[in-house]
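Hi,

Here is the structure I promised to pass on. Have a look at it first, and my notes follow below.

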Amino acid sequence: MIVDLGGGRGWLEEKPAKSIARIDARLKHFLQITEAGRTWDEQNKHWVIYQRDGYPIALNPNTPSVHQKGFALDSNEAQRIVPVMEAHGWRRTVYRNGVLVEAWHFEYFENLDNYRSEPVKFSQNADGVWYIDRSQPAPASAGAVPFVPDTPTEEEDMLTLIVNGEHLVTLSPGVFGHITPGDNPTALRNIVRAEDDWQYIGFEQLPGLLRHHGCDLNIWDVRDGKFVVLNPLDGSVREGNVWTAVNALRAAFANKPQPTIDPTPIVEAARAGAYQGAVDGVANAGPQT
Ligand SMILES: [Zn+2]
C-alpha cells in the first residue's frame, strides 16, 4: 500500500509514510523532501542520467531501487536533523569505499524506528489514494527527541549577520532569513557559531554577500524601519521571513507573482552615509534577545 505524504512530496510505502507523519509532527512542519517513491519510468530517467554523466548514482530500474519500493527519500533538510531521522529509523546508505557519497539519500528500517509502535492514521480520498490523516492530534513522540533546528551548520558556509547594527539575518547557500527576537537569536547564535562570531555588515555589503551565496539580490528591503524579506511561496514581504532558492524555483514553476523589491535606494543611502550612525553605535553591542 502506498501513501501520499502530502505537501506535494510524493509517496512512500505504508511504514515509512507513517514515520514521515511522526517526523512532520515533531518538526511542526512538513519535512522537506526532494524526492520519495519513484515509478519505474522515474527511476529509468535517473538511470539514463547516471549512464550519461556517471553522477548521481542511480540503479537500473529493473534492480529495482529502494526509491521504487517506497522506502527511500532524498532530502536536504534531513541532512541537518540526522539524529531525529535516525531515531525514527532512517539511515543514510550510499557509501563508496567507506565514504558517504550521497548525504541526501535516506532509507527506512522499521526495526531501528524507536517510534514504530505509535499509531498514525491514514484515510482514503475519493480517488482511492491513501493519505496521512492530519485531523488527529500529533503523536506523543512530538518533542520527545531533543529539538534540532532546521539551521545549516557552519560547514555549509552559513553566515550570521547583523546588518547596520540592528537587523539579525542568516545567510547560507540559497537561503536568506531574517531572525526576529521571537526566534531567540541568542540560542540560534550559540548553536551555529561562537558567540563573538556574528558579523557586522552594512546595507551596502549585503548585495555582494547575497550574490556570493546564490541568493537573489532583490529579496529584502527596509520598510518603516523594519528589515523585511520576501517569502517567495506566499509573496509576502515581512519581518521574520525566509527566502530560499528552492522555494523561489517552486514559485516560478507555479507562476506565482512576486512583488518588486528594489533595495538600491537603501544601499545608495548607506553608501552616502545616511545609516552610518547605526553602524558606529554597535561596536560592543550584542544582538538583542
Ligand atoms: Zn535517493
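In which loop is Pro64 found? Pro64 is in the loop between α2 (40-53) and α3 (66-69). (Helices here are DSSP runs of H or I with at least four residues, strands are runs of E with at least two, and both are numbered from the N terminus.) The reason I start there is the peptide bond from Thr63 to Pro64: it's cis, with omega near -15°.

Before going further, two bits of housekeeping. This is a predicted model, where local features need pLDDT of at least 70, side-chain atom pairs count only at pLDDT 80 or more, and totals for chains, interfaces and linings use all residues. Residues are numbered from 1 along each chain as its sequence is written.

Now the sheet. It's an open one of three strands, in the order β14-β15-β16, with antiparallel pairing. (Two strands pair if DSSP finds at least two bridges between them.) β14 and β16 (236-238) are the edge strands, each with a single partner, so one side of each has no neighbour in the sheet. From one strand to the next, the twist averages 30°. (Axes are lines fitted to C-alpha atoms, for helices over the stretch in contact, and angles run from 0 to 180 degrees between N-to-C directions.)

As for the pairings, β14 (residues 220-223) is joined to β15 (residues 226-231) by four bridges, and β15 to β16 by three.

The hairpin of β14 and β15 has two residues between the strands. Asp224 is found in that loop, and its phi is near 55°, a positive value in a residue other than glycine. Asp224 counts as exposed because it has 5 C-beta neighbours inside 10 Å. (The cut-offs: buried means 20 or more other C-beta atoms within 10 Å of the residue's own, exposed means 12 or fewer, and partly exposed is in between, with C-beta atoms placed from the backbone.)

Asn255 also deserves a look. It isn't a glycine, yet its phi is positive, at about 55°. You'll find Asn255 in the loop between α7 (245-253) and α8 (264-271). With 6 C-beta neighbours inside 10 Å, Asn255 counts as exposed.

Why did I pick out these spots? Because most residues other than glycine have a negative phi, and most peptide bonds are trans.

Cheers
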